[in-house]
Amino acid sequence: GATIGIIGGGQLGRMSAMAAARLGFRTHILSDTPQAPAAQTANELTVGAYDDPTVLEEFARTCDVITFEFENISLQGLKQLEAFCPVRPSRHILETSQDRVTEKTRLGKLGFPVAPWRSVPDRATLASLVEFSFPLILKTTRFGYDGKGQFRVNATEELAALENTDLPYPLVAEKKIDFARELSVMVARNEKGEMRSFTPTENHHRDGILRVCLAPAPISPQLARKAQEMAEKLARDLGLIGLLGVEMFEDARGNLLINEIAPRPHNSGHWTMDGCPVDQFEMHIRAVAGLPLPETRRHSDVFMHNLIGPEGMACVPELLEENAACVHLYGKQEARPGRKMGHVNRLYPFGALPGPLTLSSLSPLEAEPIQN
Ligand code: ATP
Ligand code: MG
Ligand code: MG
């Protein structure tokens with residue numbers, strides 16, 4: 001059968017490889033470490049640097065199509081891979097999502113609403129932010145994930161203090177949005193232009209890390225449709241072939257802003273593994289392999305909890321006893337604090353998701369109330 005190459009050996013690669021195997025494909029993972037969650041589920045593993053031309057060539061020669069679960073691959077490397085087989089999603093989409101300035105600029109040009117922002121290339125520009133807006137969030141333009149590389153600035157004095165700090169420039173400054181909710185939509189599109197999006201989820205973070213998702217988000221059908229239409233228009237405008245996660249804020253007036261995009265499976269789409277006949281990983285594989293994309297029908301409502309660090313793993317024995325709790329573990333050896341070790345999808349009948357999030361609705365997985 002055909003071989004799908006996946007760059008990146010994390011849990012997203014692991015679950016993509018499992019979906020590919022189900023459809024009869026072979027998978028070849030490229031990872032920079034042999035201790036990769038995806039190593040256990042792929043047919044073949046190449047361990048090497050993502051920017052080493054020899055490694056990339058060895059990898060690409062075995063693949064019929066290449067995709068990625070990891071976004072920090074060099075564009076030069078992708079160009080090299082394109083000489084051997086199609087890379088999906090395209091280098092141009094990855095280029096957009098790799099850098100927050102490029103991403104916001106492109107989204108703005110395409111007419112999508114984003115939070116007001118300023119580029120902060122160096123220390124000299126930092127001072128000019130007094131005329132921007134407080135509170136604001138400074139983010140590294142590249143390589144940030146799980147809220148790493150972010151600095152919250154509430155007032156002028158805090159900004160002044162940062163001027164004497166070594167910050168990882170270049171940065172981008174964003175107005176801190178007083179959002180009513182965080183939502184996200186996963187959208188898949190194949191080369192024929194067939195497109196499917198999943199129902200929006202409501203996402204809750206703590207310490208910058210996604211903790212729980214509610215699927216469906218408890219929003220009006222109108223807003224849900226608006227969010228899906230926005231994600232689908234973006235997928236079309238970008239010429240997506242593959243899967244795209246679109247993170248959004250719903251502001252106090254019910255307007256949607258795009259926070260960031262990720263051209264790959266996304267943590268907020270993990271609920272689909274147990275809530276839909278065809279999940280985000282299979283949709284990803286189908287889209288890059290040129291297979292049809294079926295409707296994203298939901299057969300259950302889902303409360304997805306991430307299992308993070310040692311506390312998350314401590315919940316596993318209890319979860320394994322629970323009915324309608326679908327446990328997914330990533331096979332990571334070391335449960336370091338803040339590390340995503342797995343997730344659990346708790347299934348509910350339609351309309352029966354636990355109401356507004358409270359301390360008790362999250363017990364025993366969450367020891368503290370959820371704050372944004
Ligand atoms: P990810 O793991 O999703 O890739 P990341 O490190 O790229 O995370 P963001 O998604 O930009 O970071 O931000 C992480 C979280 O911080 C957001 O989900 C949101 O809760 C909060 N946040 C980010 N930007 C803003 C903003 N402009 N206003 C309010 N909250 C924000
Ligand atoms: Mg991000
Ligand atoms: Mg994010």
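Student: By class, how many nonpolar, polar and charged residues does the shell around ligand 1 have?

Tutor: The shell around ligand 1 has five nonpolar, six polar and eight charged residues. Ala, Val, Leu, Ile, Met, Phe, Trp, Tyr, Cys and Pro count as nonpolar, Asp, Glu, Lys and Arg as charged, and the others, Gly among them, as polar. This is a predicted model, in which local features need pLDDT of at least 70, side-chain atom pairs count only at pLDDT 80 or more, and totals for chains, interfaces and linings use all residues. Residues are numbered from 1 along each chain as its sequence is written, while chains are lettered from A and ligands numbered from 1 in the order in which they are written.

Student: Which of the 19 residues around ligand 1 come nearest?

Tutor: A residue is near a molecule if its C-beta atom, placed from the backbone, lies within 6 Å of it. Of the 19 residues around ligand 1, the nearest are G144, Y145, E174, K176 and I177.

Student: Which strands and domains supply the shell around ligand 1?

Tutor: Strands are DSSP runs of E with at least two residues, helices are runs of H or I with at least four, and both are numbered from the N terminus. β6 (136-140) and β14 (256-262) each give at least two residues to the shell. Domain bounds come from an automatic or database domain assignment. Domain 2 (116-175) and domain 3 (181-362) each provide at least three shell residues. The assignment also gives domain 1 (3-87). The centres of domain 1 and domain 2, taken over C-alpha atoms, are 35 Å apart.

Student: What does the UniProt annotation cover?

Tutor: The unreviewed UniProt entry annotates residues 104-289 as "domain: ATP-grasp". Such positions are given in the numbering used here, feature names are shortened, and annotations may be inferred rather than shown by experiment. In the model, that span is 26% helix and 32% strand, and its end C-alpha atoms lie 29 Å apart.

Student: How do I read a helix pair, say α3 and α4?

Tutor: Two packed helices are described by the angle between their axes and the distance between the axes. Axes are lines fitted to C-alpha atoms, for helices over the stretch in contact, and angles run from 0 to 180 degrees between N-to-C directions. The axes of α3 (residues 75-82) and α4 (residues 91-98) come within 10 Å and cross at roughly 170°. α3 and α4 are therefore roughly antiparallel. Angles under 35 degrees count as roughly parallel, over 145 as roughly antiparallel, 65 to 115 as roughly perpendicular and the rest as oblique. L75, L78, K79 and E82 of α3 make the contact with R91, L94 and E95 of α4. Contact requires C-beta atoms, placed from the backbone, within 7 Å. These residues divide into three nonpolar, no polar and four charged.

Student: At what angle do α4 and α5 cross?

Tutor: Roughly 110°, with the axes of α4 and α5 (residues 100-109) coming within 5 Å. α4 and α5 are therefore roughly perpendicular. E95, T96 and S97 in α4 meet T102, E103 and R106 in α5.

Student: Where are the cis peptide bonds and the positive phi?

Tutor: Most residues other than glycine have a negative phi, and most peptide bonds are trans. Here the bond from F134 to P135 is cis, with omega near -10°. P135 sits in the loop between α6 (123-126) and β6. Y169 and P170 are also joined by a cis bond, with omega about 0°. D146 has a positive phi near 50°, and lies in the loop between β6 and β7 (150-153).

How values were computed: Contact = placed C-beta atoms within 7 Å.
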